[in-house]
Amino acid sequence: MMERVRRLVQVVFTFLTNGYWAFPFSRNIYQGPLKAICSPGLNCYSCPASTTYCPIGAIQQLMAGLRMSLEMGQLYLGWYVVGSIGVLGGLFGRMVCGWLCPFGMIQELLHRIPGRKFDAIPGLLRYLKFAVLALMVVALPLFAVDEFGAGDPWFCKYLCPAGTLEAGIPMILLQPDLRHTLGWLYVNKIFFLVLFVVWSVFANRPFCRTTCPLGAFYGLFSRVKMVRLSLDEERCTECRACHQVCPMGVRFNENPVDTNCITCLRCQKACPYGAIHLEAGGVRLGARQSRPAQAQSS
Amino acid sequence: MRKSTIIVLALFAALFLAGISAGEPERVLDQAIRICLSCIGIG
């Protein structure tokens, strides 16, 4: 039941953040005032249907143009963008990834393709996303600048598979004039898209687990976020049922504040002892599950 | 609610408001309504 609710929320948010369906006629992206509103998930603002801005794209553009705007006396330090995702992070943390991110939903759907699965991802790779955030989103756009003091949006330009899928391919189809400009940069972007699409068929959410800088940012709030899953240690029998169902490879009973937890609630449903519950601001949500006889006797 | 949650939310809400007062939404809008060629692998 809850999984269906989550899927419905994912679909609704995908359409809310990509609600401009006049693009086949205008052959251009949406250019209205809603584009000043932050998309909670990774959603390229050059996608023709996109109605909001992507926070990761916006931060890079602000960092890349920081010197120029300071020279013009404008103090655009990214406070509006960081404030937007910071409030979302403080409220929900990576629950945003599990419930509101269109690219997260796409990866989940790809993983439903039948076949052998290899869900294990090397432990060190889970820290890659923090390096991507620090280097490709902040440091390189800010410090690797040309003679005019302008930087590049490194993550968008060289890596982001969501941008290639949602914007790169559709814009090439919509604007044939752009096709003659295609080169190795586009090939590189297609390579990363294919890599993560194929990987998603075999492993659950590989981009979210290893590379997504927005997921890394939201993960920083795992200890302070308002809505969170909580473990009742008295009820937990360490049966590891939560390990088996987690799409992010989290061992919830060992680390309830894991930065990879997307609060999808699968572990809560799978726990036979009612040891995992959702809480908001310290208040338990939902009825307290009765303790099974096995847990009472143990 | 935890004190740390309240502090974090207040801090980022203050950043958000500071960004608005500095005129950042207009700057963000100005970027977001243009096709970012390098973002889609062209520029």
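Visitor: Is Phe192(A) buried, partly exposed or exposed, going by its relative accessibility?
Guide: This is a predicted model, and the values discussed here are computed from it. Being buried would need a relative accessible area under 20%, and being exposed would need one over 50%. The relative accessibility of Phe192(A) is 21%, and therefore this residue counts as partly exposed.

Visitor: Which arrangement do the rings of Phe191(A) and Phe192(A) adopt?
Guide: A pair of aromatic rings is described by the distance of the centres and the angle of the planes. For Phe191(A) and Phe192(A) the centres are 5.3 Å apart, with 70 degrees between the planes. Planes over 60 degrees apart count as edge-to-face, and the arrangement of this pair is accordingly edge-to-face.

Visitor: How are the planes of Phe217(A) and Tyr218(A) set, and why is the pair described as it is?
Guide: Phe217(A) has a relative accessibility of 13% and counts as buried, while Tyr218(A), at 1%, also counts as buried. Their ring centres lie 6.2 Å apart, and their planes stand at 65 degrees, so this pair is edge-to-face.

Visitor: Which residues are linked into a cluster by ring pairs?
Guide: Over all chains, the count of aromatic pairs comes to 15. Ring pairs can also join several residues into a cluster, and the members of one such cluster are Phe103(A), Phe196(A), Trp199(A) and Phe207(A).

Visitor: Which two residues are joined by a disulfide?
Guide: Over all chains, the structure holds one disulfide. The sulfur atoms lie 2.1 Å apart, and the residues they belong to are Cys36(B) and Cys39(B).

Visitor: How far from Cys54(A) is the nearest cysteine sulfur?
Guide: Cys54(A) counts as buried, at 5% relative accessibility. A disulfide needs two cysteine sulfur atoms within 2.5 Å, and Cys54(A) is in no disulfide. The nearest cysteine sulfur belongs to Cys156(A), at a distance of 6.2 Å.

Visitor: What area do domain 1 of chain A and domain 2 of chain A bury between them?
Guide: The domain assignment gives domain 1 of chain A as 2-219 and domain 2 as 227-297, and their C-alpha centres lie 30 Å apart. The contact takes 18 residues from domain 1 of chain A and 13 residues from domain 2 of chain A. Carbon and sulfur atoms account for 50% of the buried area, which is about 1,400 Å².

Visitor: Which residue does Arg126(A) meet in a salt bridge?
Guide: Arg126(A) lies over the face of Tyr127(A), at 5.8 Å from the ring centre. A salt bridge needs a side-chain nitrogen and a carboxyl oxygen within 4 Å. The distance from N to O is 2.8 Å in the salt bridge of Arg126(A), and the residue it meets is Asp258(A).

Visitor: How many salt bridges does the rule find across the interface of chain B and chain A?
Guide: In this interface, 33 residues of chain B are in contact with 52 residues of chain A. The area buried between these chains is about 3,500 Å², and carbon and sulfur atoms give 71% of that area. Across the interface of chain B and chain A, the number of salt bridges found is zero.

Definitions and conventions
Residues numbered from 1 in each chain as written. Chains lettered and ligands numbered in written order. Predicted model: local features only at pLDDT ≥ 70, side-chain atom pairs only at ≥ 80, totals over all residues. Heavy atoms only, no water. Buried < 20%, exposed > 50% of the residue type's maximum accessible area, 1.4 Å probe, protein only. Phe/Tyr/Trp six-rings, centres within 6.5 Å; stacked < 30°, edge-to-face > 60°. Lys NZ or Arg CZ within 6 Å of the ring centre and 35° of its normal. Domains from an automatic or database assignment. Contact = heavy atoms within 4.5 Å. Buried area = accessible area lost by both parts, 1.4 Å probe.
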